[in-house]
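Student: Could you take me through one part of this model closely, namely the residues that carry a binding-site annotation and what surrounds them?

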Amino acid sequence: MKNKIKLDSLPKHIAVIMDGNGRWAKSQGAARVFGHKNAIKAVRDTTEGCAELGIEYLTLYAFSTENWNRPKLEVNALMQLLVATINKEIKTLMDNDIKLTAIGDIASLPDSCQRELAQAMETTSNNKRMTLVLALSYSGKWDITNAMKQIAAKCETGALKAENITSEVVENHLSTSGIPDPELLIRTSGEQRISNFLLWQMAYTEFFITDTLWPDFRREHLYEAIVSYQTRERRFGKTSEQI
């Protein structure tokens, strides 16, 4: 499948909704957290696969604002796993020249998570090959609401006039400011919904949905998604003849 990928037309930015950890664990007769632990290999394989191909940005939906409503035991386990994983994967990021950054309400994370995340981002800040974006305590509605608050505050002070608010102004106040919109979204486990992820940014994103559960996702699945993306005609409202 990798041989079918056209390297001159790769998506610059791939976003992934990593779904199916709980169902994978259930199929193994184990607790949900077992699925989260076994998903780390999928994260590593996908990240390295994207970097090797030349993808510039990879965004992983790691924890949504809605995920705080899960059982406290699972949330606590996820936070502990996040700290351990970030610490463990720094070497992988450095070896592959990958910069780590994050979007979301980071201040809502436990202090230990914030410290590990900040340290990892600082350590990898000069890496150039690819940027790995972790969406943590993130939701598209939160992102847009937060942008509106910033814009409203500027309007109140007179720094910005309402008639001057454009799509570009909104984009510059989103947490993804400076990051191109994703051309390709991959969602695992067969679910067919956006789940409050990058709502503004995915206005023209191509979707690839696979029944594969996230802990089983590997590079071949990534390659399959990219090949599918490259067969599509992206018109952005125009006709085929105009492209």
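Tutor: We can begin with D19, which counts as buried because its relative accessibility is 16%, where buried means under 20% relative accessible area, exposed over 50% and partly exposed in between, with a 1.4 Å probe and protein chains only. This is a predicted model, in which local features need pLDDT of at least 70 and side-chain atom pairs count only at pLDDT 80 or more, while totals for chains, interfaces and linings use all residues. Residues are numbered from 1 along each chain as its sequence is written, and side-chain values use heavy atoms, leaving out hydrogens and water.

D19 sits in the loop between β1 (13-17) and α1 (21-27), helices (H or I, at least four residues) and strands (E, at least two) being DSSP runs numbered from the N terminus. Neighbours within four places in sequence aside, D19 is in contact (heavy atoms within 4.5 Å) with R187, T188, S189, E191, L213 and W214.

The "binding site" annotation, from an unreviewed UniProt entry, covers D19 and E206; such positions are given in the numbering used here, feature names are shortened, and annotations may be inferred rather than shown by experiment.

E206 belongs to strand β6 and is buried too, because its relative accessible area is 17%. Not counting residues up to four places away in sequence, E206 touches E183, L184, L185, Y229, R232 and R234. Within β6 (residues 206-209), E206 and F208 form the covered face, whereas F207 and I209 form the uncovered one. Strand β5 (residues 184-187) pairs with β6 in the parallel sense over four bridges, pairing requiring at least two DSSP bridges between two strands, and F208 is the bridge partner of I186.
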